[in-house]
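Please look over the sequence and the structure shown below before reading on. The briefing that follows goes through them topic by topic, for a reader who is new to this kind of description.

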Amino acid sequence: MADSGVTDGAVGKDGIQQAKIEGKELTKEEKQRLRKEKKQQKKNKEKNDENASKESEEKPVSAAAPTPTQPSQKAPSAVPTPASLPVPVSEPQPAKSKADMKAGRRARQESERASKKKGDAGQPAATGKAKAAPSELQPVVKRLPEHVQVDNPDVLKKLAKKLEKQQIPLRLDYGHKVSLFSHLHQYSRRAPLTQQIGIPSTVIHPAIVRLGLQYSQGIVAGSNARSVALLHAFKQVIRDYTTPPNEELSRDLVNKLKPYISFLNQCRPLSASMGNAIKYIKKEISNIPSQCREEEAKSKLLSCIERYIDENIILAAKAIAKSSIEKISDGDVILVYGCSSLVNHILCEAFEKKRKFRVIVVDSRPRLEGREALRRLVQRGISCTYVLISAVSYILPEVSKVFLGAHALLANGYVMSRVGTSQIALVAKAFNVPVLVCCETYKFCERVQTDSFVSNELDDPDDLIVTRKGRTQLEHWQEVPSLGLLNLVYDVTPPDFVDLVITDLGMIPCTSVPVVLRVKNVDQ
Amino acid sequence: MELQAVLMAAGGGSRMTDLTYNTPKPMLPVGNKPLMWYPLNLLERVGFEEVIVITTKEVQKMMSTDPKMKPDVKMKLDVVCIQEDGDMGTADALRHIHSKIKTDVLVVSCDLITDVALHEVVDLFRAHNATLAMLMSKAHEFTETVPGQKGKKKTAEQRDFVGVDESGERLLFMANEADLEDGLSIRKSIMRKHPRMHIKTGLVDAHLYCLKKAVLDFLADNKSISSIRGELVPYLVRKQFSKTINCPNIKDDADDQNLKMNDGSTNQELVISSRDEPLLQLAQERSCWNDHRGDMSEAYHGGKLRCYVHIMDKALCYRVNTLAAYIDANRLAPKLFEEPAVHSTAVISERCQMGSDSIIGAMCQVADKTSIKRSTIGNSTTIKEKVKVTNSIIMHGVTIEEGCNIQGSVVCSNAFIGRGADLKYCLVGNGQRIEPEAERTNEVIVGTDQLMEI
């Protein structure tokens with residue numbers, strides 16, 4: 001499960017801490033204890049030094065825990081924070097420990113900066129900033145990201161204010177939402193965000209406007225494609241960037257990127273892979289030494305981006321293809337779902353290595369992405385069968401393996417992928433057919449989710465409307481008050497249904513995802 | 001910067017010489033605003049801050065003195081003057097300002113009156129990384145009677161054949177009836193790629209184009225192309241399906257292709273490329289999107305040169321290049337802006353009957369017992385008593401004496417209509433005098449110097 005254990009000294013308070021993080025209901029005594037401690041901390045404001053030093057001790061330990069609160073400060077909408085399930089529990093908490101959280105976060109930031117620069121300046125800064133720093137209680141209450149709190153008017157107001165400051169227009173929701181998903185955004189493709197920005201866009205770089213438009217219209221779709229396109233656009237931004245006088249490139253460029261990321265988020269919610277790519281770029285930018293010249297810094301960033309794409313997408317695909325080919329034997333009947341660029345790549349490579357197999361492509365409405373997968377496979381010469389997802393249980397007796405692509409792999413081993421994937425995995429499990437998920441490691445994300453309701457994406461409901469024989473039955477669906485059209489994009493598959501995950505680090509079971517994440521964090 | 005706006009205001013108005021022989025077309029008043037105010041207003045509303053205006057010296061002089069242009073247009077106008085002899089086509093003009101163009105270009109014609117949502121055209125240009133994006137509109141029938149027209153001359157002389165694909169956005173074929181003497185022939189390669197094509201003839205080209213910078217560089221090298229609409233656009237539409245663009249590695253066939261293309265002296269090829277081309281390719285490859293289905297090719301059939309068109313049907317779109325269009329535009333243009341129908345400085349006596357769909361310009365003087373219905377009265381016009389003006393366009397500085405009856409006519413600037421004159425469906429030229437008690441029906445009254453011009 002959520003491996004966010006903060007192992008610390010004091011037992012009692014740590015127990016509360018543990019409970020908070022795991023999201024269990026706090027018992028009455030624990031709540032009383034919390035209240036008493038808060039009062040004590042307010043009295044102990046003067047004892048900064050001891051607290052600060054204790055803070056810095058806890059920092060390396062707590063930093064290991066999913067550190068979404070930090071990046072969430074910088075780019076709340078970009079990075080998906082662990083959206084823990086029990087919403088009612090976490091809500092009363094922020095009110096109480098906001099000051100503690102802020103102080104704790106600041107102190108943590110300072111110490112990390114200090115450890116980066118290896119300077120002594122870090123410590124006294126931490127002492128200065130950590131006002132009411134609670135030494136024992138580590139306030140790691142996770143804030144819910146904005147995009148899953150759409151039915152909360154305060155959150156919306158905050159978002160509107162933030163966008164106004166960045167001069168990005170707010171995209172309005174469209175149509176009646178199904179009540180179970182009323183906490184998510186639902187946009188219409190016919191009302192693009194470009195309606196509200198001036199035509200020669202001055203606030204947003206033209207490459208980003210083009211990218212946002214391509215996202216919202218679905219021209220660039222698919223996790224890998226979106227990340228590559230994002231990095232391509234960032235390359236243009238970096239090329240056209242000039243440092244204003246009296247500013248440092250490392251800080252100013254990051255600030256420049258923030259409104260762009262908000263804009264892209266408004267066009268279409270960011271994917272996990274994009275979030276990781278953004279995190280990487282921001283880190284690279286802030287790591288640029290201040291004495292570096294602008295030209296040098298820019299070329300360094302450009303080469304970093306190219307290297308990232310090379311390593312994490314192109315070479316990873318090659319490595320995954322190599323491992324998967326071992327799993328494909330002659331005479332296999334492979335089932336694939338939708339259009340995953342990675343799975344298509346694997347199958348084409350296997351075909352070139354002269355393996356004999358045939359493919360069954362399963363497709364679903366309204367996107368009908370399977371047709372594109374079908375075209376790519378048939379173009380290579382692979383013999384394919386095409387069915388809709390309603391026929392999956394009829395066709396599964398023929399299937400020997402199922403290859404699925406993933407949008408993201410969550411920290412608790414759940415696989416987030418196109419809606420319908422969990423269905424396929426479930427039916428395959430019922431038929432005892434092995435399910436293999438192919439996913440690059442840069443798509444691993446530290447979020448935890450056990451169902452598809454908490455965090456998802458709602459696509460344009462008008463996509464579900466179809467015209468047959470000149471009649472469009474659902475044309476006036478908005479006038480029927482009890483009717484809601486739901487066009488979900490993602491769903492999560494539990495690890496029990498997945499037999500193997502093929503990554504560029506090797507073939508791992510689903511439950512090893514947090515290990516990979518931890519290894520990656522340590523590397524960085 | 002994303003787009004630079006260029007306004008072509010050097011056109012001669014060759015199809016309405018009666019109106020334009022004294023006033024250049026960009027300054028013709030429509031709803032009491034000069035014609036070029038409308039596209040400038042459109043650009044300003046959308047968010048442009050600078051426009052390059054290509055025009056003649058005469059128009060530039062008039063622009064600086066016109067009361068409407070200065071306060072209303074807040075954008076920075078970079079006026080480039082060219083010769084008035086009319087030999088310079090629109091593409092030649094673009095070549096002339098090539099040094100000023102640093103990025104993609106939005107070319108607008110000065111005679112376009114529209115309230116289109118410009119982002120629809122520009123979005124096509126952005127989203128598909130198109131080389132050309134243009135605007136077209138379903139043609140409206142002109143309902144008003146045109147003064148001076150003898151008999152029904154309603155036939156569309158030169159139709160445009162426009163071929164679009166199933167989605168209605170990709171431009172596949174464009175030709176004018178004049179070029180299709182042997183009939184309409186469509187290449188097999190186009191049919192193979194787009195088996196379903198809709199060919200439309202009732203469309204009006206709004207002369208609003210988004211062009212990539214590479215096209216302007218190409219224009220600078222190829223001096224044989226002189227008109228955007230007549231030559232450049234059909235060339236680009238044809239080039240979409242040419243083999244040289246799609247297969248850059250087949251360089252030896254390039255010469256054969258050039259000869260086959262029959263494009264005269266186009267020596268330099270149009271090269272569409274972007275920075276980080278391989279990365280863009282990679283993103284497109286990995287994306288599970290295709291713009292067509294049913295055949296084995298990738299998105300856009302692998303072509304880099306793409307032309308798109310946005311066809312609007314409901315909104316207002318007029319190209320004021322004929323007299324009929326001018327009259328219709330005068331009727332409908334006021335709906336585009338919310339200015340009061342009667343200018344504040346106009347002096348209108350109380351016993352005047354004024355319809356709500358009429359516009360009175362600045363410093364007008366309208367006397368008693370006049371009746372003004374469905375008309376546009378220009379600035380500084382004097383209308384004496386007992387005048388009936390119906391369905392007419394009166395330009396600036398006109399004096400109309402008592403008892404006149406003007407119906408369905410166009411009276412140009414500084415004309416003088418004597419008392420008791422009765423004009424029906426007439427066009428009174430600039431500075432003309434109509435003698436008192438004259439009765440003219442369906443006539444074009446212009447000066448003798450105009451008659452001498454050819």
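The structure is a predicted model, and a search of the whole of it finds 39 salt bridges over all chains. Side chains of opposite charge can pair when their charged atoms come close. In chain A, one such pair is A:Arg190 with A:Asp462, while in chain B the pairs include B:Glu2 with B:Arg126.

**Salt bridges in chain A**

- The side chains of A:Arg190 and A:Asp462 meet in a salt bridge, with a distance of 2.9 Å from N to O. Because A:Arg190 lies in the loop between helix H8 (153–166) and helix H9 (206–216) of chain A, and A:Asp462 in the loop between strand S7 (435–438) and strand S8 (467–468) of chain A, the pair ties together parts that are 272 residues apart in sequence.

**Salt bridges in chain B**

- B:Glu2 and B:Arg126 form a salt bridge in which the closest N and O atoms are 2.6 Å apart. B:Glu2 lies in the segment before strand S1 (3–9) of chain B and B:Arg126 in helix H6 (residues 118–127) of chain B, so this pair ties together parts that are 124 residues apart in sequence.
- B:Glu2 is buried, with a relative accessible area of 8%, and B:Arg126 counts as buried at 1% relative accessibility.
- A salt bridge is also formed by B:Arg440 and B:Glu435, whose closest N and O atoms are 3.2 Å apart. B:Glu435 counts as partly exposed, because its relative accessibility is 40%.

**A network of salt bridges**

- In chain A, salt bridges that share partners join A:Arg189, A:Arg367, A:Glu369, A:Arg418, A:Asp459 and A:Asp463 into one network.

**A positive surface patch**

- Which residues form a positive surface patch? The patch is made up of A:Lys31, A:Arg33, A:Arg35, A:Lys36, A:Lys39, A:Lys42, A:Lys43 and A:Lys45.
- One of these residues, A:Arg35, is placed in helix H2 (residues 28–43) of chain A. A:Arg35 counts as partly exposed, because its relative accessibility is 47%.

**Buried residues and distances along chain B**

- B:Leu19 is placed in helix H1 (residues 17–20) of chain B, and at 1% relative accessibility B:Leu19 counts as buried. Although B:Leu19 and B:Gly429 are 410 residues apart in sequence, their C-alpha atoms are 6.8 Å apart in space.
- B:Val51 lies in strand S4 (residues 50–55) of chain B, and this residue counts as buried, because its relative accessibility is 1%. The C-alpha atoms of B:Val51 and B:Met75, which are 24 residues apart along the chain, are separated by 7.1 Å.
- B:Leu118 has its place in helix H6 of chain B, and with a relative accessible area of 2% B:Leu118 is buried. Between the C-alpha atoms of B:Leu118 and B:Glu166, 48 residues apart along the chain, the separation is 22 Å.

**Backbone features**

- A:Arg365 and A:Pro366 are joined by a cis peptide bond, for which omega is about -5°. A:Pro366 lies in the loop between strand S2 (357–363) and helix H15 (370–380) of chain A.
- B:Ser380 is a residue other than glycine, yet its phi has a positive value, near 55°. B:Ser380 is found in the loop between strand S20 (376–377) and strand S21 (382–383) of chain B, and at 38% relative accessibility B:Ser380 counts as partly exposed.
- B:Asn391 is not a glycine either, and its positive phi is about 55°. The place of B:Asn391 is in the loop between strand S22 (388–390) and strand S23 (393–394) of chain B, and B:Asn391 counts as partly exposed, with 24% relative accessibility.

**An annotated span**

- According to an unreviewed UniProt entry, the annotation "domain: EIF2B subunit epsilon/gamma LbH" covers residues 344–437 of chain B. In the model, this span is 0% helix and 38% strand, and its end C-alpha atoms lie 33 Å apart.

Notes
Residues are numbered from 1 along each chain as its sequence is written. Chains are lettered from A and ligands numbered from 1 in the order in which they are written. This is a predicted model: local features need pLDDT of at least 70, side-chain atom pairs count only at pLDDT 80 or more; totals for chains, interfaces and linings use all residues. Side-chain values use heavy atoms; hydrogens and water are left out. Patches are made of residues with over 30% relative accessible area and no salt bridge: like charges are joined within 9 Å, nonpolar side chains (Val, Leu, Ile, Met, Phe, Trp, Tyr) within 5 Å. Accessible areas come from the Shrake-Rupley method with a 1.4 Å probe; for residues, only the protein chains shown count as cover. A salt bridge is a side-chain nitrogen of Lys or Arg within 4 Å of a carboxyl oxygen of Asp or Glu. Lys and Arg count as positive and Asp and Glu as negative; His and the chain ends are not counted. The place of a charge is taken as NZ of Lys, CZ of Arg, CG of Asp or CD of Glu. Helices (H or I, at least four residues) and strands (E, at least two) are DSSP runs, numbered from the N terminus. Buried means under 20% relative accessible area, exposed over 50%, partly exposed in between (1.4 Å probe, protein chains only). UniProt positions are given in the numbering used here, feature names are shortened, and annotations may be inferred rather than shown by experiment.
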